[in-house]
Amino acid sequence: MDFAFTLEEAAFREEVRAFVRSHLPVDISRKVNEHKHLDKDDFVRWQKILYRKGWMAPGWPVKFGGTGWTPVQRYLFEEECAVAGAPSVISFGVNMVGPVIIAFGTPAQQQHFLPRILSSEDWWCQGYSEPGSGSDLASLRTRAVRDGDHYIVNGQKTWTTLAQHADMIFCLVRTSSEGKRQEGISFLLIDMRTPGVSVRPIITLDGAHEVNEVWFDDARVPIGNLVGEEGKGWTYAKFLLSHERSGIAQVARWKRELAFLKRMAGEIQSGGKPLMADALFSAKVTRVEIELLALEITDLRVLASDREGRAPGPEASILKIKGTELQQAITELMMEAVGPYALPFLPEALHADWDGTPVGPAFAAPLAARYFNYRKTSIYGGSNEIQRNIIAQRILGL
Amino acid sequence: MDFSFSEEQQLLKDSLQRYLEREYSFEARRKRIKAGTGLSAEVWRALADMGVLGLPFAAEYGGFAGSGVDSMLVMEAFGRSLVVEPYLATVLLCGGLIDQAGSSTQKAYWLPRIAAGNAIMAFAHGETDARHDWCYVSTRAERKGSGFVLRGRKAVVLHGGQAQHLLVSARSEGEPSSATGVSLFIVDAGSAGVQRRDYATIDGLRAAEIDFANVEIDATALVGEYAGAASTIDSVLDRANAALCAEALGALGALYDLTLAYLKTRQQFGVPIGTFQVLQHRMVDVLIHLEQARSLAYHAAFYAHASDTALRRRAVSAAKVQVGDAARFISQQAIQLHGGIGMTEELSVGHYVKRLTMINATFGNIDTHLERFAALA
């Protein structure tokens, strides 16, 4: 047993750190660190920097543009990016649809889509949930009916994250109503510019436009955009989930946020003394810090068992549950820290180019909205209750 | 980064586990506790023969220079079998104190005896008014001639009644809560003026309240620097706490197995109760607590011997909090999920629960360690 990284790993970390330090644009990291709104261009600019370095898709096979890194190297890379305040790479292309196309796509699909994911030419979004299909995803009703060399797609997807930026959407669609309902589902890639595809914003309780409805009204999709076999979409969707696990706990990013919380609570005065000197508040922060340390090691233990060649397993569900619980706890403590300054709501203050005068300390402006926004984390990606079902079945054998 | 065990460690773990499964069954343990001796001679002998009693000490003292991770493996196995022998008191606490602070003469005398199973010792440190503050020592040590006189009272000394020799912390200067001014002494438990009240603990161990009424000891009884024992005590208690976390891990693993098996076999409403989603989700939370506790118990064991004291203290206190929370949650849920039968003396569940609960009351509770971690952060 050894908790230290090897010399090679430490050297790798230094290399990543040096690169990120010299290449991450300061205006972007400032937005990330100060919890300001990130534009599409902020994400794309950073992703193009990674692309030029060849670091856009660490998890992909080398022949498709991957880095050939070990799981530990990938972990260190993500940690260094997070610590520096880099935006998270948008997962939908590189971590979600990319691996599916690599594993099940045709050579033509691979040649067309993969380079465009690497270069951020295409922004992808995910068409899974529907108004009637949340946790019970297999009940989905968006239909794709074959018509010559096209599918005619009709239906509605919802909670589609950042669809307003997207060029492409990967969808689970129903191609058959026969047999088991999972067997009638196919995996289809749809150009968002296709006539009949429309996007309507959903404004969430924090006032943000992050998610959308995506409507399909006789949208004609070439059959060349079907991934793998018709009726095997559910299998590919499950494969995708097992690849989504990389970095699911986002420990490094939340260590940075926790450090922010502690700095902030050191500055904030509470009845004439720093908030961090308040025993009750400090105890809550400390408990979260200890839990996050535990999660970091749990995450590394799962990573190590991967390296030992054991199949990626339902442990990812543990990371998802605990990770999101801690994210919610930290965003809640941040809001709690600013006391009554949680109340003022100036959405314009969340934009980096706003030059108005903040109400109260500048760091307070985004915190309440962020607390509300982070309630989503225990719902998305398979609700934490669904994760518990998965663990009960696959680890506990219940 | 590597979380696997070496071949030697795996061997130690397996052979100890096999021995305990054979010789330390729940029934055998119950009989040993009933005997009230606080120590089972044949088990102690076997542990000596397996090399477990000398594990942490250098080879020249009959040991194997074991690491914190080695001690963890031993304690995890003990936790799984609910071993009540004085391993923590004798080997890890007293052996640890002598190993870290003793003169070469003291080490050469005591450590081989401990390793061979010929010395039972206890660390007389805690006091009534200290509660969980381990700097607090009001027992006095005054110089008399070339030696010392001890006066005071020690509280809940684990295996204090069975020990032939006691390691006693006593203060020669400063206020009781001052970090400096404390020394360590080896005292023959039969010395004039030593009075012990031996009793059973609720978790099957033995402990004692010990009075020192003008106990005269000579200069050679001093272990380590005069009035400068604080950092040794801190270090040894950190190792002891890492070991307690490992013991808790063993007990938690057993509770997890027992409870999961019960959910699969106990039938109500015509089906196993583990088919009920509310119980499934509760059991998932048990698993998550267990895995999070395991992560920090490993972390504490790895850094328990670190020379960087801040790193060591943080790792140990973090583990004591995380394992403590897990111990509380899993203990309570194990009883709840077992229902009425979980309340009974005949089932092992309650015995695990009692041990885990008392670990939380030993060498700093959750709040103490939360505060200690916060102060270091």
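Modeller: Two strands count as paired when DSSP finds at least two bridges between them. Keep in mind that this is a predicted model.

Colleague: In which sense do strands E6 and E7 of chain B pair, and over how many bridges?

Modeller: Strand E6(B), residues 194–200, and strand E7(B), residues 206–217, are antiparallel and share seven bridges. Within this pairing, Gln195(B) faces Asp211(B) of E7(B).

Colleague: What do E6(B) and E7(B) form, and how many residues lie between them?

Modeller: The two strands make a hairpin with five residues between them. In its turn, Gly204(B) has a positive phi of about 95°.

Colleague: Now chain A. How do I read the span of helix H6?

Modeller: The expected span is 1.5 Å times one less than the number of residues. H6(A) covers residues 107–118, twelve in number, and its first and last C-alpha atoms are 16 Å apart, close to the 16 Å expected. Just after the helix, Ser120(A) adopts a positive phi of about 60°.

Colleague: Which residues of H6(A) are buried?

Modeller: Buried means under 20% relative accessible area. In H6(A) this applies to Gln109(A), Gln110(A), Phe113(A), Leu114(A), Ile117(A) and Leu118(A).

Colleague: Why are these residues on the same side of H6(A)?

Modeller: Because they cover an arc of only 130° around the axis. The face turned away from that buried side carries Ala108(A) and Gln111(A), which are exposed.

Colleague: What covers the buried residues of H6(A)?

Modeller: The cover includes helices H3 (40–53) and H5 (91–104) of chain A, together with strands E1 (124–127), E4 (168–174), E5 (185–191) and E8 (226–227) of chain A.

How values were computed
Residues are numbered from 1 along each chain as its sequence is written. Chains are lettered from A and ligands numbered from 1 in the order in which they are written. This is a predicted model: local features need pLDDT of at least 70, side-chain atom pairs count only at pLDDT 80 or more; totals for chains, interfaces and linings use all residues. Side-chain values use heavy atoms; hydrogens and water are left out. Helices (H or I, at least four residues) and strands (E, at least two) are DSSP runs, numbered from the N terminus. Buried means under 20% relative accessible area, exposed over 50%, partly exposed in between (1.4 Å probe, protein chains only). The arc is that of the directions from the helix axis to the C-beta atoms. Contact means heavy atoms within 4.5 Å.
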